[in-house]
There are 4 protein chains.
Amino acid sequence: MAEELSSIHPPTSSETLTRGHKKKARTRQALVEAAFRIYARKGVDALALNELAEEAHVANGTVYNYFRTREDVLEAVGIELANQLSHRVTLVSQGIENGAQRVTIGVRMFLLHAQEDPVWGSAVISVFHYHKGMRSVVAAYLRGDLQTGTRQGYFRYLNEDIAMTVVVSTTLGAMTSLVEGVSIPQFDSLVAEMVLMALGVPIEDAARISRLPIPQVSESEQPTPVKPRGRPRKH
Amino acid sequence: MAEELSSIHPPTSSETLTRGHKKKARTRQALVEAAFRIYARKGVDALALNELAEEAHVANGTVYNYFRTREDVLEAVGIELANQLSHRVTLVSQGIENGAQRVTIGVRMFLLHAQEDPVWGSAVISVFHYHKGMRSVVAAYLRGDLQTGTRQGYFRYLNEDIAMTVVVSTTLGAMTSLVEGVSIPQFDSLVAEMVLMALGVPIEDAARISRLPIPQVSESEQPTPVKPRGRPRKH
Amino acid sequence: MAEELSSIHPPTSSETLTRGHKKKARTRQALVEAAFRIYARKGVDALALNELAEEAHVANGTVYNYFRTREDVLEAVGIELANQLSHRVTLVSQGIENGAQRVTIGVRMFLLHAQEDPVWGSAVISVFHYHKGMRSVVAAYLRGDLQTGTRQGYFRYLNEDIAMTVVVSTTLGAMTSLVEGVSIPQFDSLVAEMVLMALGVPIEDAARISRLPIPQVSESEQPTPVKPRGRPRKH
Amino acid sequence: MAEELSSIHPPTSSETLTRGHKKKARTRQALVEAAFRIYARKGVDALALNELAEEAHVANGTVYNYFRTREDVLEAVGIELANQLSHRVTLVSQGIENGAQRVTIGVRMFLLHAQEDPVWGSAVISVFHYHKGMRSVVAAYLRGDLQTGTRQGYFRYLNEDIAMTVVVSTTLGAMTSLVEGVSIPQFDSLVAEMVLMALGVPIEDAARISRLPIPQVSESEQPTPVKPRGRPRKH
DNA sequence: AATGAATGAGGCTTCATTCAT
DNA sequence: GATGAATGAAGCCTCATTCAT
């Protein structure tokens with residue numbers, strides 16, 4: 001369910017009625033997804049509840065069965081998005097012990113996802129800008145990785161809060177560039193490399209680590225079934 | 001005049017009637033300054049033209065003698081702000097030949113100014129977010145300094161556009177932290193140091209350069225009176 | 001329902017709640033009738049949408065659930081009025097074969113109605129002036145009668161379009177006189193007589209035909225109950 | 001001066017400064033002519049004093065040196081137009097004794113002028129619609145001609161007021177057709193013929209009289225310079 | 001739950017009018 | 001007289017919110 005947000009298509013009937021049970025939750029989900037699309041198109045400020053109802057194919061007043069204010073909508077989308085991100089990053093970083101690598105994986109996943117799905121990118125940028133909660137979730141993950149990396153001797157920053165600001169704002173700035181159409185080969189790795197350097201990783205290490213392949217997870221959202229997750233070997 | 005934007009106080013009568021003629025220009029200036037204050041308080045999206053009128057102490061309809069839309073207001077504020085910034089940075093960096101130092105001066109001036117005047121900081125963050133023109137002006141300055149630093153052997157980034165993104169977004173992110181109340185000693189230097197490191201400056205040089213004193217200019221906006229303030233000597 | 005427009009009284013509660021459902025249609029009707037009354041009082045140009053809301057006893061914003069612009073209001077009133085007129089004239093002229101007589105009946109009905117109900121008259125004059133659609137509807141009826149009259153040897157005009165202009169503009173001019181307070185015995189017949197003469201009917205015939213009694217229809221809007229009501233006998 | 005209204009070109013400097021004296025009156029004249037053009041373009045209701053100032057190439061506030069309200073502007077244009085019309089018709093009808101012919105000349109002059117100068121036509125239609133004074137002036141002329149024609153045995157109408165309504169409203173209706181683009185050969189004569197018939201002139205006489213040539217007057221507005229051209233005889 | 005008509009506060013915009021220069 | 005900036009009333013329009021069905 002968390003992954004539905006990245007589907008930018010208006011919900012088709014097949015999406016809308018999967019499973020059959022939980023009818024109530026479906027309307028809510030439709031609203032959250034509709035809000036997400038509107039955020040992507042026009043930003044958070046421009047969401048009108050009227051328009052949200054229309055985008056979700058429900059009546060005007062139905063919105064109020066789920067959200068009291070525009071704030072509530074943002075909250076719901078932010079939480080949904082944070083959950084989704086947590087889920088993904090957790091999945092992918094499972095088994096990666098290297099703190100510096102974990103940071104690059106986080107940065108690069110955001111960038112690659114924004115590259116593949118600019119609508120998702122736009123929406124995330126917008127929500128991030130307005131929703132404290134989402135920032136907290138990301139911050140929590142990041143802080144852990146920074147501390148791990150420091151413990152491991154990779155990072156030499158003087159202040160952790162500033163280090164977090166650098167990582168987060170650079171990543172968002174780079175996402176914005178992507179969404180605005182910048183096209184640079186290996187963009188994700190180049191950005192990650194500079195982030196590592198800012199954190200004090202020597203340039204050669206930064207270059208190497210930021211280019212390591214990102215572990216792949218099966219589409220089925222399962223936390224890597226069976227075996228050594230390493231990277232998926234061809235055979 | 002360009003500096004007036006940083007005066008966040010509502011115009012006093014002494015400001016209002018200087019000279020006597022040029023009333024039109026004064027009203028326009030009052031509107032631009034009022035808009036700036038509102039941007040600082042509530043962001044760009046929240047500016048309502050009738051509120052602008054009230055803040056500037058003019059009648060509702062008067063606004064329309066100067067601006068047709070909210071966009072126009074942003075444009076005017078953006079241009080004013082860009083001029084002001086250009087002016088200041090040009091003044092301060094005069095005579096600094098070291099590209100790395102010039103970059104730190106730019107970054108630190110933004111941060112220090114935002115620290116001293118959080119209203120100014122908030123407004124700049126908001127305008128930056130929405131106004132392409134302002135971004136262009138800053139980008140132009142920055143690009144020159146990056147190229148100088150590269151030529152001088154300070155920087156080792158792989159892609160200039162990404163380097164610019166890192167510098168700009170980190171600076172804005174740090175300003176946001178400041179405005180939200182973060183209080184860290186030597187904040188400006190610490191941020192500047194990480195920026196230099198991201199650009200490939202070795203950690204020891206980054207630490208030193210980012211802590212050099214910022215050249216002071218007389219308040220009278222004159223282009224460096226007396227002598228060539230030379231460049232900061234090594235020791 | 002079509003006849004409601006001629007009731008110029010603000011809707012009473014009995015009118016307002018008939019049936020119970022169909023509330024939307026009732027609001028729309030209330031708005032159309034309110035617009036009609038305002039047209040009568042102040043002309044088409046002077047209709048303000050907020051005044052319309054007040055006159056119809058609905059909230060300001062409700063108007064916009066039905067009409068996007070003042071033009072749309074005029075359109076709705078024009079169509080309603082055209083329907084109403086078609087209905088009436090069709091009813092009354094049923095069974096009249098004489099083209100000249102049909103023309104006089106049309107002219108005289110407009111005049112008599114304006115005489116009895118000056119509010120109706122004013123509104124019709126205004127709407128006619130601005131609404132092409134209404135003119136077309138009237139023109140369609142009139143053209144048929146003119147051709148019938150010509151075929152029957154009553155009319156001797158040289159150009160049908162000019163003949164229509166004469167009939168229509170004379171009728172409207174005469175309505176205007178009535179609304180402005182002119183009071184002349186047999187006004188309707190005198191005007192109709194001159195119209196027939198303009199169309200080439202000899203003065204004696206014109207005098208006679210324009211004074212024939214107008215067929216009465218039952219108030220119940222039914223398309224001639226019982227019997228053929230025949231045509232008005234010669235004497 | 002009265003003829004200037006029919007010049008639809010914005011006043012050129014040559015027009016604006018003729019003679020050199022009467023500078024004050026020139027501004028007023030410029031305003032009246034500008035109003036006339038706006039009436040032609042958008043109708044009487046749509047005249048905004050702002051726009052009037054712009055059209056007349058004077059400042060906003062200058063309008064108020066001449067007119068207190070929009071009503072006053074209409075009044076001034078109406079009077080100007082009435083004077084102009086009186087002047088012309090008087091000139092042309094000089095020496096025509098036949099009341100029926102005089103009526104046709106009036107009708108046809110309006111139509112021919114509207115045909116040659118649709119801007120003039122539009123403006124006259126608009127002003128006529130709103131300005132009682134203009135109607136009175138026209139009525140005064142017309143009434144005289146009707147009475148003359150009646151005395152001479154041409155007309156057989158039963159009520160003079162109705163007869164006037166027929167003549168005036170038919171003429172205006174026909175002008176409207178012209179302005180809307182109707183194009184019929186001999187339009188002016190055909191309309192005049194029907195008007196005469198409405199007044200009781202036998203069809204053959206009506207046809208003949210309505211086709212008589214209209215006396216020409218020299219462009220120089222002088223009451224027939226040089227030669228006889230049938231000058232008004234004393235008795 | 002869902003609906004959607006109705007509401008009315010609030011922001012937008014025009015323009016007649018005033019007034020100091 | 002002419003100017004044009006300033007004014008503010010008045011009308012336009014949107015949209016968050018309520019509520020009866």
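This is a predicted model: local features need pLDDT of at least 70, side-chain atom pairs count only at pLDDT 80 or more; totals for chains, interfaces and linings use all residues.

Me: What makes a residue count as near DNA strand E, and how many surround it?

Reply: The test is a C-beta atom, placed from the backbone, within 6 Å of the strand. Around DNA strand E there are 33 residues, and the closest are Gly61(A), Gly61(B), Thr27(C), Gly61(C) and Leu49(D). Two or more residues each come from α2 (23-42) of chain A, α3 (49-55) of chain B, α2 (23-42) of chain C and α3 (49-55) of chain D. The most come from α2(C), with three residues.

Me: Why are chain C and chain D said to be related as by a two-fold rotation axis?

Reply: Chain C can be laid on chain D by a turn of 180° and a shift of 0.1 Å along the axis, with an RMSD of 0.2 Å. The two copies are therefore related as by a two-fold rotation axis. In chain C, Ala198(C) has the C-alpha nearest the axis, 1.9 Å from it.

Me: How do you know that the same surface serves both copies?

Reply: Of the contact residues of chain C, 100% recur in chain D.

Me: And what makes up the contact between chain A and chain B?

Reply: Each of the two chains, A and B, puts in 25 residues. On the side of chain A that touches chain B, α8 (160-179) and α9 (187-198) each supply at least two residues. There, α8(A) gives the most, with 11 residues. That side of chain A has 15 nonpolar, seven polar and three charged residues.

How values were computed:
Residues are numbered from 1 along each chain as its sequence is written. Chains are lettered from A and ligands numbered from 1 in the order in which they are written. Two residues are in contact if their C-beta atoms, placed from the backbone, lie within 7 Å. Helices (H or I, at least four residues) and strands (E, at least two) are DSSP runs, numbered from the N terminus. Ala, Val, Leu, Ile, Met, Phe, Trp, Tyr, Cys and Pro count as nonpolar, Asp, Glu, Lys and Arg as charged, and the others, Gly among them, as polar. Copies are superposed by least squares on the C-alpha atoms of residues with pLDDT of at least 70 in both.
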